[in-house]
Amino acid sequence: MTTKEHVLEALHALGFETKMLDGDTYGIHYEGDLLLCRFNEEDAGFFGLYYCMPIGDEEAQWPVLLANQINASRNYVKAYRSELALWLAYEREMFEKEEWQVTVSRMIEFVSTAVADVKQAFLECAAQVENVHVTDSNLQEA
Amino acid sequence: MIMTEKELLAKVIADLGYHPQTDEDGVLHFMFQMKTVCVIPGDEGEQSPALLLPNFAEIAENETHLVLAACNQLTRETRIIKVFINDTYQMVHASYEFYYCDEDCLRENVKRALDAFAVIRTMYARTKNRLQEAMTNK
């Protein structure tokens with residue numbers, strides 16, 4: 001079986017309804033959030049789990065600070081800004097001998113916890129800061 | 001052949017794409033978004049089953065009052081879901097109890113219960129944090 005088949009089988013066994021968004025991307029819902037599952041035909045072992053949070057303001061600087069904070073403090077989950085969204089991602093190589101349900105469920109938990117943290121920080125940032133400009137001093141604080 | 005309520009519940013859950021199983025105690029259960037949901041058939045002829053989401057949150061030491069307040073608020077606000085703690089004051093559960101008239105009605109109720117169970121843990125955490133902050137700021 002391929003990584004994609006193993007992961008999809010594990011997701012179904014864990015009680016997820018998977019929806020194919022394109023050939024290599026599937027959507028699942030967890031705690032009310034849409035998580036994206038991505039595979040790569042050219043890299044058979046690859047599996048990535050993503051959450052996309054729209055930012056809405058191209059000029060806003062604070063998502064960059066927030067992403068940096070996540071990257072500095074969280075294991076496994078990385079964050080980055082791409083155009084009008086903040087992305088959280090957990091990507092890894094999967095192996096044939098994985099305990100697929102255990103591994104996949106842990107990946108989902110890691111991303112979901114990061115999502116909850118980011119949403120909280122997002123609300124706090126949005127409420128307090130309208131125009132944060134990245135400077136040496138606030139980068140050091142972050 | 002007439003199905004028992006438990007068989008009908010298992011059929012509806014399987015039709016929705018989940019995998020109902022019966023444990024050694026005869027309890028029907030299935031995995032839903034990494035949560036185990038138990039199905040409790042109603043009394044004979046009542047057509048009033050319940051879906052139970054057991055142990056979805058742990059209760060830390062000295063936070064029983066806070067958890068009780070959060071359970072109370074959630075039960076009041078969600079209306080269709082009861083949120084409560086077990087006899088040993090260690091875990092939080094949620095349940096959805098309903099009546100149904102036919103299979104379609106049963107299916108709709110199961111879907112509603114699952115929609116609520118999908119987010120109840122996040123709602124519980126938010127409610128508890130909000131209450132904690134309110135108590136701290138008093």
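A salt bridge is taken here as a side-chain nitrogen of Lys or Arg within 4 Å of a carboxyl oxygen of Asp or Glu. By that rule the side chains of B:Arg121 and A:Glu109 meet in a salt bridge, with 3.2 Å from N to O, and the count between chain A and chain B is three salt bridges.

The model is predicted, so that local features need pLDDT of at least 70 and side-chain atom pairs count only at pLDDT 80 or more, while totals for chains, interfaces and linings use all residues. Residues are numbered from 1 along each chain as its sequence is written, chains are lettered from A in the order in which they are written, and side-chain values use heavy atoms, with hydrogens and water left out.

**The interface of chains A and B**

Contact means heavy atoms within 4.5 Å, and on this basis 14 residues from chain A and twelve residues from chain B take part. Eight residue pairs across the interface, both at pLDDT 80 or more, are in polar contact, that is, a pair of N or O atoms within 3.5 Å, of which, within protein, one must be able to donate a hydrogen and the other to accept it, residues adjacent in sequence counting only if both atoms are side-chain atoms. Helix H1 (3–13), strand E2 (25–30) and helix H3 (100–128) of chain A each supply at least two residues of the side that touches chain B, and H3(A) gives the most, with four residues. Helices (H or I, at least four residues) and strands (E, at least two) are DSSP runs, numbered from the N terminus.

**Strand E4 of chain A**

Seven of the nine residues of strand E4 (residues 46–54) of chain A are buried, so this strand is largely enclosed by the rest of the structure; buried means under 20% relative accessible area, with a 1.4 Å probe and protein chains only. Two strands pair if DSSP finds at least two bridges between them, and the pairings of E4(A) are tabulated below.

| Partner of E4(A) | Sense | Bridges |
|---|---|---|
| E3(A), residues 33–39 | antiparallel | four bridges |
| E6(A), residues 85–93 | antiparallel | nine bridges |

E3(A) and E4(A) form a hairpin with six residues between them, and A:Leu36 stands opposite A:Tyr50 in E4(A). In E6(A), A:Ala85 is the bridge partner of A:Pro54.

**B:Glu63**

B:Glu63 lies in the loop between strand E4 (50–58) and helix H2 (64–78) of chain B, and counts as buried because its relative accessibility is 14%. Its side chain makes a polar contact with the side chain of B:Lys128 at 3.2 Å, and a polar atom of the side chain of B:Glu63 lies 3.0 Å from the backbone nitrogen of B:Ala60.

Technical notes
Buried means under 20% relative accessible area, exposed over 50%, partly exposed in between (1.4 Å probe, protein chains only).
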